[in-house]
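Student: I have a structure open and a few things to ask about it. Can we go through them one by one?
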Amino acid sequence: MNALQLAQEHRQFTLRLLVVSGLITLLTAILAIQVFRLQVLDHDHYATQSTHNTIALLPIAPLRGRILDRHGQILADDRTGFVLAITPNKAIHLSETIHRLQKILPINAEDQKRFNSDLSHAHPYQPVLLRRDLRPDELAAFAVQRHQFPGVEIRTQIKRHYPYGSLFAHVLGYVGRLTPAEIREGQMADYAGLDSIGKSGLEAQYEALLKGQPGNQEVEIDARGRTLHTRLRNSARQGTTLHTTLDLAVQQAAAQAMAGQQGAVVALDPQNGDVLAAYSAPAFDPNAFVDGLSIALWTRLRDDPGTPMTNRFLRGSYPPGSTIKPFVALSALHDKAITADQRLAGGTYYQIPGTKHKYYDWKPGGHGAENLREAIRDSNDVYFYQIAMRLGVTQLGNGLAHFGFGQRSGVDLPGESAGVVPSPDWLRQRYGQTWYQGQTVMMGIGQGYLLSTPLQLARATASIANGGRLVTPHLEQSPDSVTRPLDFSPDAIAVIQDAMRDAVTSGTGKSLANDPHTIAGKTGTAQIHHAQRNDSGLVLHNTIQLWQDHALFIAYAPADHPRIAVAVVVEHGGHGGRTAGPVARAVIDAYLNTVTAPEVNL
Amino acid sequence: MNWRIRLLRPLRKLDPALMTGIVILMLISLAVLYSGSQESIRVVLAQLLRFAVGIVVLVIVANTPPERIRAWAPALYAIGIILLAITLVMGKTSLGARRWLGVGPLVFQPSELMKLALPLFLAYYYSQQENVRHWLSAIAGFVLIAIPFLLIAKEPDLGTAAQIGAAGVFMMWLAGARRRWFVGLIILVAVSGPVLWHFLHGYQKERILTFLDPQRDPLGAGYHIIQSMIAVGSGGFWGKGWFNGTQVNLDFLPEAQTDFVFAGFAEEFGLVGVIVLISTYLLIVLRGLVIAYESRDSFGRLIAGTLSLTFFLYIFINMGMTTGILPVVGVPLPLISYGGTAMLTFMIGLGILMSVHAHPRTHE
């Protein structure tokens, strides 16, 4: 590199260094202007903000909408409870304060764990809950020594309350502690200040309606952490009241009648699909879920062999047994597989022509030759074996599908099961087996792979009660109900209605004959092919009772103007008429008595 | 030669102007941290210890001739790149980013090494380059910058990546690459901005949106900026006085001892203090530029010029974000913020400046 090049290079470097210096001067000037602006020109503004620091926008939680029964009885509402809260930047020494508090009132490890986790994402001037559900004596104990605990205060907390406890557990569901995962992106603002969300049942189904809209307030806090004043910006809007179709008295009657038994009850208004009662036994107390379930209680509920958490009316799939017969019969009439008056041979058992296997009637010796109405009244198995063979599995399945079997009813509850209407295709896909004709025979009396939920049974029963319209069951009161007319002749339906009335007056459901209301119904017994087992395959409670058949009963009343349709399943209840029948009767009486009562008083 | 001369001789390599600046900054740092830490002697002693270690390192570097530093440059760059690659594969993840590399109990950020290694290697490369204006040497420079830039951006640590990239571009500017490259680069950044927006992480977008409008989330992302501006603004002309900063001492100001230390300083010492602080920084930066100007050695002047300019960039970014003219990026205030790693980097950089000044024209 020669001297000229070197000089040239250094000249260029100097030039570029000058440009750099210019840049530094410019940026320094920008910085200086900004600092001057903040510290001199806008000093008053920032000085005020500093002394009045700081404005916090705190959310106000809305009240959750109430849930009412059809007569306005409160089934779920918000109650005020007392909680102990600590404002971190006001408390002297957090862990020491908690330690001293423990000498006055119990604070367990679970409370502390929750407190610490809440504390980690709270602002230092926001109170954090330490103890919930303070009892009056605890309130008094703290109030006396309150002055010794700066930063600790009693606050009121709004809490969901279910006044009837376990009575509506499965239908109302419950609210529980909101977890971050449950808030979808962009919904944070909708849940500001809220710490619970509908987890199941109607609470989950109508979450958006019930939740309400949070409000907010500006809280000004000075540099020492004292609240200067609060200013309301937007008040919270309470969630909408949910008017349900439920009837408290009917639900209570159902629960009482089911006491000590496992199973489910569904009662519908057959004219419009109003769900009057829906009960699953055993139940649980939803109030225990509101603040987050304790681990001990959760373990107990989970390990209970009676599975109280299972919603049996919505998700329990049971073989309908003989309660399926009215629907099979109506399908057969419609498909002209039989006429109403045609008598079919009875007997002890039925054999598929050309085969040896005997399909026995439930009644030793069987029945004589009977027509359709008599066969339903007596629950004549041999008659229905023949009907099933005449229809064949495809027609039989299609017929049952008309009544809503094998499909979700569309009720406004999350997690409904669809049940099963089997077909040869279904069997091949599901179990890789070939359909044989004996399975068609068994389907005729509601056994085998045919499975129905109690809600589906009630819905199907309603369609006979109302003269051939398939209603969509619903829990929210609504003036226009969704019904689908079924393509059955009024004569055919009348035959089935008469037969079901006969079953109660003189057939298998005789125990209900003396009821003041004219009840039409049908008994059913679902055979249990296997005992209940736990996950590892061990037989649970190896007692006779669990090997007993399920008892079923479907009914509607009054027979001439049906106002209620009921389906009852009593697990291991033996014969339907004996155990499930009285439950149906209690429910019907409860409803028809209360509805007619005001008219009587006039 | 007696022991006293032997001990004091290395100190002769120190530059009086730079040392004056360093000592002033040290005193400011200790004063601010003492107040901001609720008068904790422990914090002050820890910072003092870091200064002591930093000064020792600075003296050692200042006594190392530039040609030896230059000889290490390629190896440092290579090690830096390898460590960055290892960090991406098996680094410690913290807050969603892989930035830390742990060896036993030691944890450090390889990107910190790159802050010096890249300028050194670029200076090494351009000081031996015959024709800097040729397009190939510009492309080579961009590639050398792009490798660490992309590795750090992938961590993701966009703030550090941008600073390292900026240091590289400064270097190319001082080395004499043609102006058209810089014009092109500015246009490219301006045009690709909206496109790159889609590749940013959520928190990065949030920071930029918050910068544009802090009030959109006054309790969340905007909290830092709002509280920091209140601290600076409420300081006024004379400041609230030592220990009297309410923003700092009542915990309204987050990161008051690290990234937002300037806000606490400005609150307590006011515009007067800020003028003293900025003047001290400018003293160091301008002294560095003068050292670069006076150096007859091309490696020396390139590294001295670039380090001075980068030092200024850090000051500007930190004060800029604290006063609300730049988005919040995690950059410490040189020699003031609490913390060791960054201070060591700055001390080594200042040591290199002194080395360049103390060993004139030994090369060529």
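Student: Is A:V471 buried or exposed?
Tutor: A:V471 counts as buried because it has 26 C-beta neighbours inside 10 Å. The cut-offs are 20 or more other C-beta atoms within 10 Å for buried, 12 or fewer for exposed, and partly exposed in between, with C-beta atoms placed from the backbone. This is a predicted model: local features need pLDDT of at least 70, side-chain atom pairs count only at pLDDT 80 or more, and totals for chains, interfaces and linings use all residues. Residues are numbered from 1 along each chain as its sequence is written, and chains are lettered from A and ligands numbered from 1 in the order in which they are written.
Student: Which strand is A:V471 in?
Tutor: Strand β15 of chain A, residues 469-471; strands are DSSP runs of E, at least two residues, and helices are runs of H or I, at least four, numbered from the N terminus.
Student: What does A:V471 touch, leaving aside its neighbours within four places in sequence?
Tutor: Its contacts include A:P270, A:N272, A:R459 and A:S481, contact being C-beta atoms, placed from the backbone, within 7 Å. A:S481 is 10 residues apart from A:V471 in sequence and 7.6 Å apart in space, C-alpha to C-alpha.
Student: Other topic. How many residues does each chain give to the contact of chain A with chain B?
Tutor: Chain B gives 37 residues and chain A gives 33.
Student: Which element has the largest share on the side of chain B?
Tutor: α12(B), with 10 residues.

Conventions:
Two residues are in contact if their C-beta atoms, placed from the backbone, lie within 7 Å.
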